[in-house]
Amino acid sequence: MSLNEQAIRSASANHPRPHNTTFAYGTAGFRANADTLDSTMFRVGILAALRSKKLAGQTIGIMVTASHNPEQDNGVKLVDPHGEMLHSSWEQYATLLANAVSDDSLVATVRQVIQATGVDLAVKAKVVFGHDTRPSCRSLVRAVVDGLAALDTDQVNAGLVTTPQLHYLVRCLNTEGTPEAYGEPTVDGYYRKLATAYSTLATGRHLLPALTVDCANGVGAPKLKEFLKVVGNDLLPIIAVRDSTTQAGHLNFDCGADYVKTQQRAPRNVELVPWQRYASFDGDADRIVFYYADADGVFHLLDGDKIAGLVAGFIMDLVKDAGLDDSVKVGVVQTAYANGASTKYLTEGVPVTCVPTGVKHLHHAAESYDVGVYFEANGHGTVLFSPLTLSTISAHSPSSPSASAALSNLRALVDLINQTVGDAISDMLLVETILLHRQWSPAQWDRAYSDYPNRLVKVLVADRTQFVTSDAERRLDKPEGVQAAIDDAVAKVDGGRSFVRPSGTEDCVRVYAEAATRDTADELANTVARIVHDKFGKGPQPASFF
Ligand SMILES: CC(=O)N[C@H]1[C@@H](OP(=O)(O)O)O[C@H](CO)[C@@H](O)[C@@H]1O
Ligand SMILES: [Mg+2]
(Lines give C-alpha, C1' and ligand atoms only; values in the text may rest on other atoms or scores of the structure.)
(Ligands and ions follow the chains in the order given, each with its own letter.)
Protein backbone atom coordinates (compact mmCIF):
# COMPACT_ATOMS: atom_id res chain seq x y z
CA MET A 1 0.00 0.00 0.00
CA SER A 2 1.30 3.43 -0.79
CA LEU A 3 0.98 6.63 1.15
CA ASN A 4 -2.07 8.68 0.20
CA GLU A 5 -0.18 11.95 -0.09
CA GLN A 6 -3.16 13.78 -1.45
CA ALA A 7 -5.29 12.82 1.55
CA ILE A 8 -2.64 14.17 3.91
CA ARG A 9 -2.08 17.34 1.93
CA SER A 10 -5.71 18.27 1.61
CA ALA A 11 -6.54 17.44 5.24
CA SER A 12 -3.49 19.39 6.36
CA ALA A 13 -4.78 22.44 4.49
CA ASN A 14 -7.65 22.51 7.04
CA HIS A 15 -5.17 22.49 9.94
CA PRO A 16 -2.62 25.17 9.07
CA ARG A 17 0.41 25.47 11.30
CA PRO A 18 0.72 28.79 13.16
CA HIS A 19 3.75 30.85 12.22
CA ASN A 20 6.41 31.79 14.74
CA THR A 21 5.69 28.87 17.05
CA THR A 22 8.00 25.94 17.60
CA PHE A 23 6.62 22.81 19.19
CA ALA A 24 8.55 20.24 21.20
CA TYR A 25 7.34 16.87 22.45
CA GLY A 26 8.62 17.03 26.02
CA THR A 27 8.24 15.18 29.33
CA ALA A 28 4.47 15.47 29.12
CA GLY A 29 3.97 15.42 25.34
CA PHE A 30 2.93 18.67 23.63
CA ARG A 31 1.51 21.38 25.84
CA ALA A 32 0.66 24.98 24.94
CA ASN A 33 -2.11 27.51 24.70
CA ALA A 34 -5.00 25.61 23.10
CA ASP A 35 -5.37 28.19 20.31
CA THR A 36 -2.01 27.19 18.86
CA LEU A 37 -2.48 23.42 18.87
CA ASP A 38 -4.84 22.52 16.03
CA SER A 39 -2.13 21.59 13.50
CA THR A 40 -0.16 19.72 16.16
CA MET A 41 -3.19 17.58 17.02
CA PHE A 42 -3.75 16.73 13.36
CA ARG A 43 -0.13 15.69 13.05
CA VAL A 44 -0.21 13.66 16.27
CA GLY A 45 -3.07 11.70 14.68
CA ILE A 46 -0.76 10.90 11.78
CA LEU A 47 2.10 9.96 14.08
CA ALA A 48 -0.06 7.65 16.20
CA ALA A 49 -1.18 5.85 13.04
CA LEU A 50 2.44 5.42 11.95
CA ARG A 51 3.42 4.16 15.40
CA SER A 52 0.62 1.61 15.30
CA LYS A 53 1.66 0.43 11.84
CA LYS A 54 5.25 0.14 13.05
CA LEU A 55 4.09 -2.05 15.96
CA ALA A 56 2.21 -4.57 13.83
CA GLY A 57 -1.14 -2.81 14.16
CA GLN A 58 -1.25 -2.78 17.95
CA THR A 59 -3.47 -0.07 19.38
CA ILE A 60 -1.84 3.25 20.26
CA GLY A 61 -3.48 5.77 22.60
CA ILE A 62 -3.91 9.54 22.28
CA MET A 63 -4.95 11.61 25.29
CA VAL A 64 -5.90 15.24 24.78
CA THR A 65 -5.24 17.04 28.08
CA ALA A 66 -3.02 19.63 29.71
CA SER A 67 -3.31 18.02 33.15
CA HIS A 68 -2.79 20.59 35.92
CA ASN A 69 -2.14 23.50 33.56
CA PRO A 70 -4.64 26.38 33.28
CA GLU A 71 -7.90 25.83 31.44
CA GLN A 72 -6.89 27.82 28.36
CA ASP A 73 -3.97 25.44 27.75
CA ASN A 74 -4.26 22.05 26.17
CA GLY A 75 -1.92 19.28 25.15
CA VAL A 76 -1.57 15.73 23.97
CA LYS A 77 0.22 12.60 25.11
CA LEU A 78 0.74 9.38 23.17
CA VAL A 79 0.42 5.98 24.82
CA ASP A 80 2.32 2.88 23.69
CA PRO A 81 0.71 -0.59 23.46
CA HIS A 82 1.41 -1.74 27.00
CA GLY A 83 -0.19 1.41 28.38
CA GLU A 84 3.13 3.18 28.96
CA MET A 85 4.28 6.57 27.62
CA LEU A 86 5.39 6.80 23.98
CA HIS A 87 8.90 5.36 23.62
CA SER A 88 11.37 8.22 23.84
CA SER A 89 12.99 7.28 20.52
CA TRP A 90 9.80 8.46 18.77
CA GLU A 91 9.53 11.83 20.52
CA GLN A 92 11.83 13.34 17.89
CA TYR A 93 9.39 12.31 15.13
CA ALA A 94 6.52 13.94 16.97
CA THR A 95 8.54 17.14 17.15
CA LEU A 96 9.58 16.93 13.48
CA LEU A 97 6.00 16.45 12.26
CA ALA A 98 4.64 19.22 14.46
CA ASN A 99 7.16 21.69 13.08
CA ALA A 100 6.91 20.91 9.35
CA VAL A 101 6.21 24.35 7.87
CA SER A 102 3.89 23.57 4.96
CA ASP A 103 1.53 20.85 3.75
CA ASP A 104 4.21 19.70 1.32
CA SER A 105 6.92 19.57 3.93
CA LEU A 106 4.55 17.67 6.18
CA VAL A 107 4.18 14.99 3.50
CA ALA A 108 7.95 14.91 3.09
CA THR A 109 8.40 14.57 6.86
CA VAL A 110 5.88 11.73 7.00
CA ARG A 111 7.93 9.98 4.33
CA GLN A 112 11.10 10.66 6.30
CA VAL A 113 9.60 9.10 9.47
CA ILE A 114 8.38 6.08 7.52
CA GLN A 115 11.83 5.56 6.15
CA ALA A 116 13.73 6.16 9.37
CA THR A 117 11.56 3.78 11.36
CA GLY A 118 10.81 1.14 8.75
CA VAL A 119 7.02 1.51 8.93
CA ASP A 120 5.09 -0.99 6.81
CA LEU A 121 2.26 0.99 5.24
CA ALA A 122 0.32 -2.18 4.45
CA VAL A 123 -0.37 -2.72 8.16
CA LYS A 124 -3.74 -1.33 9.30
CA ALA A 125 -3.34 1.16 12.15
CA LYS A 126 -5.58 1.24 15.22
CA VAL A 127 -5.80 4.12 17.69
CA VAL A 128 -7.94 4.85 20.76
CA PHE A 129 -8.34 8.49 21.78
CA GLY A 130 -9.88 10.38 24.67
CA HIS A 131 -9.95 13.83 26.20
CA ASP A 132 -10.37 15.79 29.44
CA THR A 133 -12.99 18.48 30.26
CA ARG A 134 -11.32 21.48 28.61
CA PRO A 135 -13.67 23.33 26.25
CA SER A 136 -10.96 23.32 23.57
CA CYS A 137 -10.94 19.50 23.44
CA ARG A 138 -13.91 19.37 21.08
CA SER A 139 -12.19 20.95 18.12
CA LEU A 140 -8.76 19.54 18.96
CA VAL A 141 -10.14 15.99 18.97
CA ARG A 142 -11.63 16.68 15.54
CA ALA A 143 -8.14 17.58 14.34
CA VAL A 144 -6.79 14.31 15.77
CA VAL A 145 -9.53 12.39 13.94
CA ASP A 146 -8.64 14.11 10.65
CA GLY A 147 -5.02 13.02 11.13
CA LEU A 148 -6.08 9.45 11.81
CA ALA A 149 -8.42 9.42 8.83
CA ALA A 150 -5.67 10.64 6.51
CA LEU A 151 -3.93 7.32 7.19
CA ASP A 152 -7.14 5.29 7.08
CA THR A 153 -6.90 4.30 10.76
CA ASP A 154 -9.29 2.12 12.77
CA GLN A 155 -10.52 4.42 15.51
CA VAL A 156 -11.91 3.89 19.00
CA ASN A 157 -13.36 7.05 20.52
CA ALA A 158 -13.12 6.76 24.31
CA GLY A 159 -14.66 10.23 24.78
CA LEU A 160 -14.31 11.95 28.14
CA VAL A 161 -11.87 9.91 30.25
CA THR A 162 -9.15 10.41 32.83
CA THR A 163 -5.63 9.98 31.49
CA PRO A 164 -5.12 6.70 33.40
CA GLN A 165 -8.40 5.32 32.05
CA LEU A 166 -7.07 5.90 28.54
CA HIS A 167 -3.82 4.10 29.44
CA TYR A 168 -5.89 1.23 30.88
CA LEU A 169 -7.95 0.99 27.68
CA VAL A 170 -4.83 0.81 25.51
CA ARG A 171 -3.42 -2.09 27.51
CA CYS A 172 -6.76 -3.92 27.57
CA LEU A 173 -7.27 -3.56 23.82
CA ASN A 174 -3.80 -4.96 23.15
CA THR A 175 -4.03 -7.90 25.54
CA GLU A 176 -7.66 -8.91 24.97
CA GLY A 177 -7.96 -12.67 24.54
CA THR A 178 -4.35 -13.37 25.60
CA PRO A 179 -3.08 -14.88 28.87
CA GLU A 180 -1.98 -11.35 29.87
CA ALA A 181 -5.48 -9.91 29.38
CA TYR A 182 -5.51 -6.78 31.53
CA GLY A 183 -9.26 -6.29 31.72
CA GLU A 184 -12.38 -5.50 29.80
CA PRO A 185 -11.52 -2.66 27.37
CA THR A 186 -14.26 -0.28 28.48
CA VAL A 187 -14.51 2.39 31.15
CA ASP A 188 -17.21 0.29 32.83
CA GLY A 189 -14.80 -2.63 32.81
CA TYR A 190 -12.25 -0.39 34.54
CA TYR A 191 -14.78 0.54 37.25
CA ARG A 192 -15.79 -3.07 37.79
CA LYS A 193 -12.20 -4.27 38.04
CA LEU A 194 -11.33 -1.65 40.65
CA ALA A 195 -14.62 -2.00 42.53
CA THR A 196 -14.34 -5.79 42.79
CA ALA A 197 -10.77 -5.56 44.07
CA TYR A 198 -11.64 -2.81 46.53
CA SER A 199 -14.66 -4.72 47.84
CA THR A 200 -12.49 -7.78 48.49
CA LEU A 201 -10.03 -5.64 50.44
CA ALA A 202 -12.52 -3.47 52.33
CA THR A 203 -15.38 -5.80 53.20
CA GLY A 204 -15.64 -6.55 56.90
CA ARG A 205 -13.33 -3.71 57.97
CA HIS A 206 -14.37 -1.00 60.37
CA LEU A 207 -15.13 2.03 58.16
CA LEU A 208 -13.10 5.22 58.57
CA PRO A 209 -14.65 8.71 58.49
CA ALA A 210 -15.42 9.96 54.97
CA LEU A 211 -12.62 11.14 52.69
CA THR A 212 -13.11 14.58 51.10
CA VAL A 213 -11.83 14.63 47.51
CA ASP A 214 -10.99 17.84 45.64
CA CYS A 215 -11.49 16.92 41.96
CA ALA A 216 -9.75 20.08 40.64
CA ASN A 217 -13.02 20.81 38.78
CA GLY A 218 -11.75 18.37 36.19
CA VAL A 219 -12.49 15.02 34.60
CA GLY A 220 -11.86 13.29 37.93
CA ALA A 221 -15.20 14.67 39.17
CA PRO A 222 -17.62 12.85 36.81
CA LYS A 223 -15.39 9.78 36.73
CA LEU A 224 -15.18 9.49 40.50
CA LYS A 225 -18.96 9.77 40.66
CA GLU A 226 -19.40 7.06 38.04
CA PHE A 227 -17.06 4.85 40.03
CA LEU A 228 -18.90 5.48 43.30
CA LYS A 229 -22.13 4.30 41.69
CA VAL A 230 -20.43 1.00 40.83
CA VAL A 231 -18.69 0.44 44.17
CA GLY A 232 -21.55 1.78 46.31
CA ASN A 233 -21.33 4.24 49.18
CA ASP A 234 -21.35 1.61 51.92
CA LEU A 235 -17.73 0.66 51.50
CA LEU A 236 -16.35 3.99 50.37
CA PRO A 237 -17.74 7.14 51.95
CA ILE A 238 -16.53 10.06 49.85
CA ILE A 239 -17.43 13.72 49.75
CA ALA A 240 -16.52 15.25 46.39
CA VAL A 241 -15.69 18.98 46.28
CA ARG A 242 -14.41 21.23 43.48
CA ASP A 243 -16.42 18.95 41.24
CA SER A 244 -17.88 21.41 38.75
CA THR A 245 -16.83 20.90 35.16
CA THR A 246 -19.20 23.41 33.61
CA GLN A 247 -18.08 26.76 35.02
CA ALA A 248 -15.59 28.49 32.75
CA GLY A 249 -12.14 29.03 34.20
CA HIS A 250 -12.59 26.79 37.22
CA LEU A 251 -10.42 23.87 36.13
CA ASN A 252 -7.36 23.64 38.41
CA PHE A 253 -8.07 27.15 39.66
CA ASP A 254 -6.94 27.53 43.30
CA CYS A 255 -7.44 23.79 43.76
CA GLY A 256 -6.11 20.43 42.62
CA ALA A 257 -3.05 18.36 43.49
CA ASP A 258 -0.51 20.71 41.94
CA TYR A 259 -1.90 23.76 43.77
CA VAL A 260 -1.98 21.91 47.10
CA LYS A 261 1.55 20.52 46.68
CA THR A 262 3.22 23.70 45.48
CA GLN A 263 1.32 26.10 47.76
CA GLN A 264 1.40 23.69 50.70
CA ARG A 265 -2.15 24.58 51.57
CA ALA A 266 -5.73 23.37 51.15
CA PRO A 267 -7.74 24.36 48.06
CA ARG A 268 -9.12 27.87 48.47
CA ASN A 269 -12.31 28.00 50.54
CA VAL A 270 -12.04 24.39 51.68
CA GLU A 271 -12.06 24.60 55.48
CA LEU A 272 -10.16 21.66 56.90
CA VAL A 273 -11.82 19.94 59.85
CA PRO A 274 -8.93 18.97 62.16
CA TRP A 275 -7.69 15.37 61.80
CA GLN A 276 -10.03 14.55 58.88
CA ARG A 277 -8.67 13.10 55.61
CA TYR A 278 -8.57 15.13 52.39
CA ALA A 279 -7.22 14.35 48.94
CA SER A 280 -6.72 16.38 45.76
CA PHE A 281 -6.65 15.07 42.18
CA ASP A 282 -5.05 17.01 39.36
CA GLY A 283 -6.91 18.10 36.20
CA ASP A 284 -6.62 14.77 34.36
CA ALA A 285 -6.73 12.59 37.50
CA ASP A 286 -3.33 10.98 37.20
CA ARG A 287 -1.96 12.52 40.40
CA ILE A 288 -3.16 12.58 43.98
CA VAL A 289 -1.95 14.05 47.27
CA PHE A 290 -3.53 13.74 50.72
CA TYR A 291 -3.54 16.22 53.60
CA TYR A 292 -5.08 17.10 56.94
CA ALA A 293 -5.02 19.85 59.54
CA ASP A 294 -4.04 19.35 63.17
CA ALA A 295 -5.87 20.76 66.20
CA ASP A 296 -4.16 24.14 65.67
CA GLY A 297 -5.30 24.25 62.07
CA VAL A 298 -1.75 23.65 60.81
CA PHE A 299 -1.73 22.10 57.33
CA HIS A 300 0.10 18.75 56.85
CA LEU A 301 0.77 17.34 53.39
CA LEU A 302 0.90 13.61 52.65
CA ASP A 303 2.53 13.71 49.23
CA GLY A 304 3.87 11.09 46.80
CA ASP A 305 6.81 10.32 49.11
CA LYS A 306 4.45 9.58 51.99
CA ILE A 307 2.26 7.47 49.72
CA ALA A 308 5.31 5.47 48.56
CA GLY A 309 6.30 4.76 52.17
CA LEU A 310 2.79 3.72 53.15
CA VAL A 311 2.37 1.46 50.12
CA ALA A 312 5.81 -0.17 50.25
CA GLY A 313 5.38 -0.96 53.95
CA PHE A 314 1.94 -2.48 53.42
CA ILE A 315 2.97 -4.62 50.45
CA MET A 316 6.05 -5.86 52.31
CA ASP A 317 3.85 -6.91 55.23
CA LEU A 318 1.42 -8.74 52.93
CA VAL A 319 4.25 -10.48 51.08
CA LYS A 320 5.73 -11.61 54.41
CA ASP A 321 2.39 -12.72 55.86
CA ALA A 322 1.64 -14.66 52.68
CA GLY A 323 4.98 -16.48 53.07
CA LEU A 324 6.46 -14.97 49.92
CA ASP A 325 9.20 -12.80 51.40
CA ASP A 326 11.98 -15.07 50.12
CA SER A 327 10.90 -14.78 46.50
CA VAL A 328 9.29 -11.35 46.21
CA LYS A 329 11.36 -8.24 46.92
CA VAL A 330 9.92 -4.75 47.04
CA GLY A 331 11.86 -1.70 45.80
CA VAL A 332 11.06 2.01 45.63
CA VAL A 333 11.90 4.52 42.90
CA GLN A 334 12.07 8.26 43.57
CA THR A 335 13.48 11.39 41.97
CA ALA A 336 15.80 14.03 43.42
CA TYR A 337 12.67 15.98 44.49
CA ALA A 338 11.81 13.29 47.05
CA ASN A 339 12.19 14.76 50.50
CA GLY A 340 15.50 13.66 52.06
CA ALA A 341 13.65 12.46 55.16
CA SER A 342 11.57 10.07 53.02
CA THR A 343 14.66 8.67 51.34
CA LYS A 344 16.31 8.14 54.73
CA TYR A 345 13.19 6.45 56.11
CA LEU A 346 12.69 4.20 53.07
CA THR A 347 16.34 3.21 52.77
CA GLU A 348 16.18 1.66 56.22
CA GLY A 349 13.66 -0.90 54.91
CA VAL A 350 13.91 -1.27 51.13
CA PRO A 351 16.24 -0.65 48.20
CA VAL A 352 15.64 2.85 46.83
CA THR A 353 16.65 4.04 43.34
CA CYS A 354 16.84 7.70 42.31
CA VAL A 355 16.14 8.52 38.64
CA PRO A 356 15.66 11.70 36.56
CA THR A 357 12.32 13.54 36.70
CA GLY A 358 9.48 12.28 34.51
CA VAL A 359 7.25 9.28 34.93
CA LYS A 360 8.80 7.31 32.11
CA HIS A 361 12.11 7.18 34.01
CA LEU A 362 10.44 6.04 37.21
CA HIS A 363 8.27 3.50 35.44
CA HIS A 364 11.25 2.00 33.66
CA ALA A 365 13.35 1.74 36.84
CA ALA A 366 10.44 0.21 38.77
CA GLU A 367 10.30 -2.60 36.22
CA SER A 368 13.60 -3.93 37.52
CA TYR A 369 12.10 -4.83 40.92
CA ASP A 370 9.79 -7.77 41.69
CA VAL A 371 7.42 -5.17 43.06
CA GLY A 372 8.44 -1.63 42.12
CA VAL A 373 6.74 1.21 43.97
CA TYR A 374 7.33 4.53 42.23
CA PHE A 375 6.08 7.99 43.11
CA GLU A 376 7.10 11.50 42.25
CA ALA A 377 6.85 13.79 45.27
CA ASN A 378 3.99 15.59 43.47
CA GLY A 379 1.79 12.50 43.79
CA HIS A 380 2.19 10.81 40.43
CA GLY A 381 2.97 7.13 40.76
CA THR A 382 1.92 3.52 40.92
CA VAL A 383 3.16 0.02 41.69
CA LEU A 384 4.44 -2.49 39.14
CA PHE A 385 4.45 -6.25 39.68
CA SER A 386 6.92 -8.08 37.43
CA PRO A 387 5.53 -10.90 35.25
CA LEU A 388 7.45 -13.46 37.33
CA THR A 389 6.06 -12.01 40.56
CA LEU A 390 2.54 -12.18 39.16
CA SER A 391 2.96 -15.88 38.40
CA THR A 392 4.51 -16.48 41.84
CA ILE A 393 1.56 -14.75 43.51
CA SER A 394 -0.99 -16.63 41.47
CA ALA A 395 0.66 -20.07 41.90
CA HIS A 396 1.52 -19.82 45.61
CA SER A 397 -0.26 -22.08 48.09
CA PRO A 398 -0.46 -20.55 51.53
CA SER A 399 0.48 -22.59 54.58
CA SER A 400 -1.99 -21.18 57.12
CA PRO A 401 -5.32 -19.33 57.25
CA SER A 402 -3.56 -16.05 57.95
CA ALA A 403 -1.18 -16.60 55.01
CA SER A 404 -4.20 -17.36 52.88
CA ALA A 405 -5.89 -14.11 53.88
CA ALA A 406 -2.72 -12.14 53.12
CA LEU A 407 -2.42 -13.84 49.76
CA SER A 408 -5.96 -13.06 48.71
CA ASN A 409 -5.41 -9.44 49.74
CA LEU A 410 -2.23 -9.35 47.69
CA ARG A 411 -4.08 -10.75 44.68
CA ALA A 412 -6.79 -8.12 45.05
CA LEU A 413 -4.12 -5.40 45.31
CA VAL A 414 -2.71 -6.47 41.94
CA ASP A 415 -6.13 -5.71 40.43
CA LEU A 416 -6.73 -2.56 42.45
CA ILE A 417 -3.55 -0.90 41.20
CA ASN A 418 -3.52 0.58 37.70
CA GLN A 419 -0.16 -0.75 36.60
CA THR A 420 -0.07 1.20 33.38
CA VAL A 421 0.46 4.64 34.92
CA GLY A 422 -0.15 6.75 38.04
CA ASP A 423 -3.91 6.95 38.61
CA ALA A 424 -5.60 9.23 41.14
CA ILE A 425 -8.69 7.01 41.53
CA SER A 426 -6.71 3.77 41.83
CA ASP A 427 -4.11 5.36 44.14
CA MET A 428 -6.90 6.81 46.27
CA LEU A 429 -8.36 3.32 46.67
CA LEU A 430 -4.93 1.92 47.48
CA VAL A 431 -4.32 4.46 50.24
CA GLU A 432 -7.87 4.04 51.59
CA THR A 433 -7.40 0.27 51.67
CA ILE A 434 -4.18 0.55 53.65
CA LEU A 435 -5.59 3.07 56.13
CA LEU A 436 -8.61 0.82 56.53
CA HIS A 437 -6.43 -2.23 57.22
CA ARG A 438 -4.15 -0.33 59.58
CA GLN A 439 -7.07 1.65 61.08
CA TRP A 440 -4.89 4.73 60.83
CA SER A 441 -5.85 8.38 60.90
CA PRO A 442 -3.89 10.62 58.54
CA ALA A 443 -1.80 11.76 61.50
CA GLN A 444 -0.82 8.17 62.29
CA TRP A 445 0.22 7.67 58.67
CA ASP A 446 2.17 10.94 58.83
CA ARG A 447 4.11 9.74 61.88
CA ALA A 448 6.56 7.56 59.88
CA TYR A 449 8.91 10.53 59.45
CA SER A 450 8.83 14.35 59.34
CA ASP A 451 9.68 16.08 56.08
CA TYR A 452 12.76 18.29 56.07
CA PRO A 453 11.74 21.88 55.34
CA ASN A 454 12.17 22.48 51.62
CA ARG A 455 11.62 25.03 48.91
CA LEU A 456 11.21 24.75 45.14
CA VAL A 457 11.73 27.89 43.06
CA LYS A 458 11.84 28.78 39.38
CA VAL A 459 14.56 30.89 37.81
CA LEU A 460 13.97 32.39 34.38
CA VAL A 461 17.12 32.00 32.30
CA ALA A 462 18.12 33.08 28.83
CA ASP A 463 18.81 29.53 27.66
CA ARG A 464 17.91 26.55 29.79
CA THR A 465 19.55 24.11 27.35
CA GLN A 466 22.89 25.31 28.74
CA PHE A 467 22.07 23.40 31.93
CA VAL A 468 23.26 19.81 31.74
CA THR A 469 22.89 17.44 34.69
CA SER A 470 24.24 14.08 35.82
CA ASP A 471 23.72 11.68 38.74
CA ALA A 472 19.93 11.54 38.29
CA GLU A 473 19.87 15.35 37.96
CA ARG A 474 21.46 15.90 41.35
CA ARG A 475 24.57 17.54 39.89
CA LEU A 476 25.18 20.15 37.21
CA ASP A 477 27.95 19.38 34.73
CA LYS A 478 27.30 22.56 32.78
CA PRO A 479 27.56 25.52 32.91
CA GLU A 480 30.99 24.98 34.35
CA GLY A 481 31.66 26.20 37.85
CA VAL A 482 28.04 26.45 38.94
CA GLN A 483 28.05 23.11 40.77
CA ALA A 484 31.10 24.16 42.80
CA ALA A 485 29.29 27.33 43.85
CA ILE A 486 26.21 25.29 44.84
CA ASP A 487 28.42 22.90 46.83
CA ASP A 488 29.90 25.86 48.73
CA ALA A 489 26.46 27.22 49.56
CA VAL A 490 25.18 23.80 50.67
CA ALA A 491 28.23 23.15 52.87
CA LYS A 492 27.38 26.24 54.95
CA VAL A 493 23.89 24.99 55.84
CA ASP A 494 23.02 22.41 58.48
CA GLY A 495 21.33 19.43 56.76
CA GLY A 496 21.51 21.30 53.46
CA ARG A 497 20.79 19.74 50.06
CA SER A 498 20.20 21.60 46.85
CA PHE A 499 20.19 20.91 43.13
CA VAL A 500 19.44 22.76 39.90
CA ARG A 501 17.93 21.32 36.72
CA PRO A 502 16.23 22.64 33.60
CA SER A 503 12.49 22.00 33.54
CA GLY A 504 11.26 19.64 30.85
CA THR A 505 7.82 21.27 30.69
CA GLU A 506 8.39 25.00 31.25
CA ASP A 507 10.90 27.53 30.03
CA CYS A 508 12.78 27.81 33.33
CA VAL A 509 15.39 26.25 35.56
CA ARG A 510 14.20 24.77 38.87
CA VAL A 511 16.09 25.15 42.13
CA TYR A 512 15.31 22.76 44.97
CA ALA A 513 16.69 23.23 48.48
CA GLU A 514 16.11 21.56 51.79
CA ALA A 515 17.69 22.10 55.19
CA ALA A 516 17.16 21.50 58.90
CA THR A 517 14.93 24.57 59.41
CA ARG A 518 12.36 26.53 57.39
CA ASP A 519 14.53 29.66 57.40
CA THR A 520 17.73 27.95 56.32
CA ALA A 521 15.92 26.00 53.57
CA ASP A 522 14.46 29.26 52.23
CA GLU A 523 17.81 31.00 52.49
CA LEU A 524 19.58 28.17 50.68
CA ALA A 525 16.98 28.21 47.88
CA ASN A 526 17.46 31.96 47.46
CA THR A 527 21.25 31.72 47.53
CA VAL A 528 21.36 29.00 44.87
CA ALA A 529 18.73 30.78 42.75
CA ARG A 530 20.93 33.90 42.88
CA ILE A 531 23.99 31.89 41.82
CA VAL A 532 22.05 30.81 38.72
CA HIS A 533 20.41 34.16 38.07
CA ASP A 534 23.61 36.21 38.44
CA LYS A 535 25.23 34.70 35.37
CA PHE A 536 22.41 33.15 33.37
CA GLY A 537 19.20 34.88 34.41
CA LYS A 538 16.73 36.64 32.19
CA GLY A 539 15.29 39.94 33.38
CA PRO A 540 15.99 41.78 36.63
CA GLN A 541 16.86 39.70 39.65
CA PRO A 542 13.88 39.31 42.00
CA ALA A 543 14.44 40.32 45.64
CA SER A 544 13.25 36.87 46.60
CA PHE A 545 12.48 33.91 44.36
CA PHE A 546 9.28 32.81 46.08
C1 LIG B 1 9.38 19.39 40.05
C2 LIG B 1 8.21 18.80 39.37
O3 LIG B 1 7.16 18.60 40.01
N4 LIG B 1 8.34 18.54 38.06
C5 LIG B 1 7.24 17.99 37.26
C6 LIG B 1 7.20 18.67 35.91
O7 LIG B 1 8.42 18.41 35.23
P8 LIG B 1 9.56 19.51 34.97
O9 LIG B 1 10.51 18.80 34.03
O10 LIG B 1 10.16 19.78 36.30
O11 LIG B 1 8.91 20.71 34.40
O12 LIG B 1 6.14 18.12 35.14
C13 LIG B 1 6.29 16.72 34.85
C14 LIG B 1 5.16 16.30 33.95
O15 LIG B 1 3.93 16.47 34.55
C16 LIG B 1 6.34 15.93 36.15
O17 LIG B 1 6.57 14.59 35.85
C18 LIG B 1 7.43 16.50 37.06
O19 LIG B 1 7.42 15.88 38.31
MG1 LIG C 1 -1.82 15.04 35.34
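Reader: Which residue follows H8, and what is its phi like?

Author: Gly232 comes after H8, and its phi is positive, near 85°. Helices here are DSSP runs of H or I with at least four residues and strands are runs of E with at least two, numbered from the N terminus.

Reader: Before going on, what kind of model is this?

Author: It is a predicted model, in which local features need pLDDT of at least 70 and side-chain atom pairs count only at pLDDT 80 or more, while totals for chains, interfaces and linings use all residues. Residues are numbered from 1 along each chain as its sequence is written, and chains are lettered from A and ligands numbered from 1 in the order in which they are written.

Reader: Ok, back to H8. How many residues has it, and what does it reach from its first C-alpha to its last?

Author: H8 covers residues 220-231, so it has 12 residues by the helix rule. Its first and last C-alpha are 16 Å apart, close to the 16 Å expected at 1.5 Å a residue. The expected span is 1.5 Å times one less than the number of residues.

Reader: Which residues of H8 are buried?

Author: Gly220, Ala221, Lys223, Leu224 and Phe227 are. A residue is buried if 20 or more other C-beta atoms lie within 10 Å of its own, exposed if 12 or fewer, and partly exposed in between, with C-beta atoms placed from the backbone.

Reader: Why are they on the same side of H8?

Author: Because they cover an arc of only 165° around the axis. The arc is that of the directions from the helix axis to the C-beta atoms.

Reader: And what covers them?

Author: The cover includes helix H6 (163-175), helix H7 (187-202), strand S6 (211-214) and helix H15 (424-438). Contact here means C-beta atoms, placed from the backbone, within 7 Å.

Reader: New topic. Which residue has the "active site" annotation?

Author: In UniProt, an unreviewed entry puts "active site" on Ser67. UniProt positions are in the numbering used here, feature names are shortened, and annotations may be inferred rather than shown by experiment.

Reader: Where is Ser67 found?

Author: Ser67 is in the loop between strand S2 (59-64) and strand S3 (73-79).

Reader: Why does Ser67 count as buried?

Author: Because Ser67 has 28 C-beta neighbours inside 10 Å. Not counting residues up to four places away in sequence, Ser67 touches Ala28, Asp282, Gly283 and Asp284.

Reader: What about S9, how many of its residues are buried?

Author: In S9 (residues 288-293), 5 of the 6 residues are buried, so this strand is largely enclosed by the rest of the structure.

Reader: How do S8 and S9 run, and how many bridges join them?

Author: They run antiparallel, joined by 4 bridges. Two strands pair if DSSP finds at least two bridges between them. Phe281 has Ile288 in S9 as its bridge partner. The hairpin has 6 residues between the strands, and Ala285 there takes a positive phi near 60°.

Reader: And S9 with S10?

Author: Those also have 4 bridges and run antiparallel. Ala293 stands opposite Phe299 in S10.

Reader: Last one: how many residues are in the largest nonpolar core?

Author: The largest nonpolar core has 138 residues, and Ile62, Val144, Leu194, Val311 and Val373 have the most contacts inside it. A second, separate core of 28 residues includes Val457, Leu476, Phe499 and Tyr512. Such a core is a set of buried Ala, Val, Leu, Ile, Met, Phe, Trp, Tyr and Cys residues joined through C-beta atoms within 7 Å.

How values were computed
Contact = placed C-beta atoms within 7 Å.
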